[in-house]
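Hi everyone, thanks for coming. Let me put the model up and walk you through it.

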Amino acid sequence: MLTQYTFDRLILLGDIFDNLNFARLKKNHWNLLSYIRKLSNPKRNTEVIWVEGNHDDGLAEIMSHLIGIDVYKEYAWSTNGKKYLAIHGHQFDRFLNENFIISAIASFIYDRIQRWGNEKQTVARFLKNKSKGWLRLAKKVADGAVEYGRHRNADIVICGHTHKADMYEYPEKNMVYYNSGCWTDLPSSYILIYEGGKTEIKYFDK
Ligand SMILES: [Mn+2]
């Protein structure tokens, strides 16, 4: 996906790593990391930004040395007169913050489902699209992120965290929310912001 575009800026929206267990990383994971490191080389004029998630909280510093990219809690920028704010989104996940143990178990189970699942991740996708709890969580993260973004004077807020690619409009606040979804399911999803400011959810299937 990365090689099919030329771009000025790549924003990694958190939870790039699950934990510090690097022994679990396979060759293609290291290839991706080394590609990202290559992109961040000043000669390439590509800015690589890592916004910290809840899973890679604390890893960011190590990784910024290893991959040589800057790590942020949140990242704001302007394109074509619109203000964007990228933040991972766990900050608005009250369930996660109030039920840390249950969330850790749920995250463990989801991880197993993904690892045992077939290539198309049928079960993981089913959970995301049909589970009422998941939908409620996705909307709550969106509402929280937009409220937060309003105080930051953002027009567009982009989160990750929920694994569910989404777009919600908040006309009464004059704001739009995007969620970039995730890389671990197929099709993988990401957000593309064109030079003219057009913003789109895209999908990638290998
Ligand atoms: Mn997360």
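How many positive and negative side chains does the protein chain have, and how far apart do the centres of the two sets lie? There are 29 positive and 24 negative ones, with the two centres 5 Å apart. Lys and Arg count as positive and Asp and Glu as negative, leaving out His and the chain ends; each charge is placed at NZ of Lys, CZ of Arg, CG of Asp or CD of Glu.

Some housekeeping. This is a predicted model, where local features need pLDDT of at least 70 and side-chain atom pairs count only at pLDDT 80 or more, while totals for chains, interfaces and linings use all residues. Residues are numbered from 1 along each chain as its sequence is written, and side-chain values use heavy atoms, without hydrogens and water.

Now the metal. The manganese ion has protein donors from Asp-15 (OD), Asn-54 (OD1), His-88 (NE2) and His-161 (ND1), 2.1 to 2.2 Å away. Donors here are N, O and S atoms within 2.8 Å of the metal (3.2 Å for Na, K and Ca); water is not among the atoms, so sites may look incomplete. Along the sequence the spacing reads D-x38-N-x33-H-x72-H. Asn-54 sits in the loop between β2 (47-51) and α2 (60-67), and His-161 in the loop between β6 (156-159) and β7 (165-170), so this pair ties together parts 107 residues apart in sequence. Helices (H or I, at least four residues) and strands (E, at least two) are DSSP runs, numbered from the N terminus.

Asn-54 is partly exposed at 23% relative accessible area, whereas His-161 is buried at 14%. Buried means under 20%, exposed over 50%, and partly exposed in between (1.4 Å probe, protein chains only).
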